[in-house]
Amino acid sequence: MPSLTSGEVARCAKSFALLKWLNLPLYEAFAQHVLNRAQDITVPHLCSVLLAFARLNFHPDQEDEFFSLVHEKLGSELPGLEPALQVDLVWALCVLQQAREAELQAVLHPEFHIQFLGGKSQKDQNTFQKLLHINATAMLEHPEYSGPLLPASAVAPRPSALDRKVTPLQKELQETLKGLLGSADRGSLEVATAVWLGAGC
């Protein structure tokens with residue numbers, strides 16, 4: 001993609017990801033473009049590409065090189081980014097199984113995440129859902145992770161989720177999942193979550 005600028009590549013990657021359209025050769029070319037322009041690609045353009053990859057769960061062939069570049073570029077820049085974008089980026093790294101302990105700690109720190117607890121706007125609620133995902137990733141996929149984590153009160157089921165009537169199928173599924181988890185503190189089955197199905201579903 002020598003004729004495209006990094007901005008154009010970032011916009012294309014983002015647009016196709018929002019459409020849930022994954023063309024492997026094209027996304028490999030996006031990753032290669034980023035690697036070829038490693039010295040001069042801007043953090044906003046890199047962020048757009050990373051978020052696009054996460055939305056499609058795309059892992060480039062040159063995964064090690066790509067994520068080394070991501071960590072190198074974001075390392076010192078992450079704290080200076082807009083808070084919701086910081087969460088988006090760490091969430092993307094979690095989805096792609098590339099999150100590092102320092103990145104998890106940055107967004108799970110109480111002084112950071114407090115701004116999203118109890119938020120009423122749709123954006124704040126979306127960001128909080130991503131924080132829950134990050135929290136779960138820290139607990140389940142990083143056994144060496146020493147904290148911090150979201151407070152128990154933040155991950156407890158919301159009353160609205162408990163008030164709804166549970167169907168027999170839901171009850172049976174919950175009982176099965178409780179058995180698989182082994183203990184009640186390893187998961188919460190009462191959390192209301194939004195499920196987005198793609199056009200092909």
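Helix H2 covers residues 24–36, and its 13 residues reach 18 Å from the first C-alpha to the last. This is close to the 18 Å expected at 1.5 Å a residue, where the expected span is 1.5 Å times one less than the number of residues. Helices here are DSSP runs of H or I with at least four residues, strands are runs of E with at least two, and both are numbered from the N terminus. The model is predicted: local features need pLDDT of at least 70 and side-chain atom pairs pLDDT 80 or more, while totals for chains, interfaces and linings use all residues. Residues are numbered from 1 along each chain as its sequence is written, and side-chain values use heavy atoms, without hydrogens or water.

At the start of H2, a side-chain oxygen of Asn23 comes to within 3.0 Å of the backbone nitrogen of Leu26. Which residues of H2 are buried? They are Tyr27, Phe30, Ala31, His33, Val34 and Leu35, buried meaning under 20% relative accessible area with a 1.4 Å probe and protein chains only. An α-helix has 3.6 residues a turn, so residues three or four places apart point the same way. The cover over the buried residues of H2 includes helix H1 (6–18), helix H3 (43–56) and helix H4 (63–77).

The protein as a whole has 11 helices and zero strands. Of its 201 residues, 35% are buried. Among contacts (heavy atoms within 4.5 Å) between residues at least 6 apart in sequence, 70% join residues at least 24 apart.

Cys47 counts as buried at 3% relative accessibility, and Cys94 likewise counts as buried at 3%.

Methods
Buried means under 20% relative accessible area, exposed over 50%, partly exposed in between (1.4 Å probe, protein chains only). A polar contact is a pair of N or O atoms within 3.5 Å; within protein, one must be able to donate a hydrogen and the other to accept it, and residues adjacent in sequence count only if both atoms are side-chain atoms.
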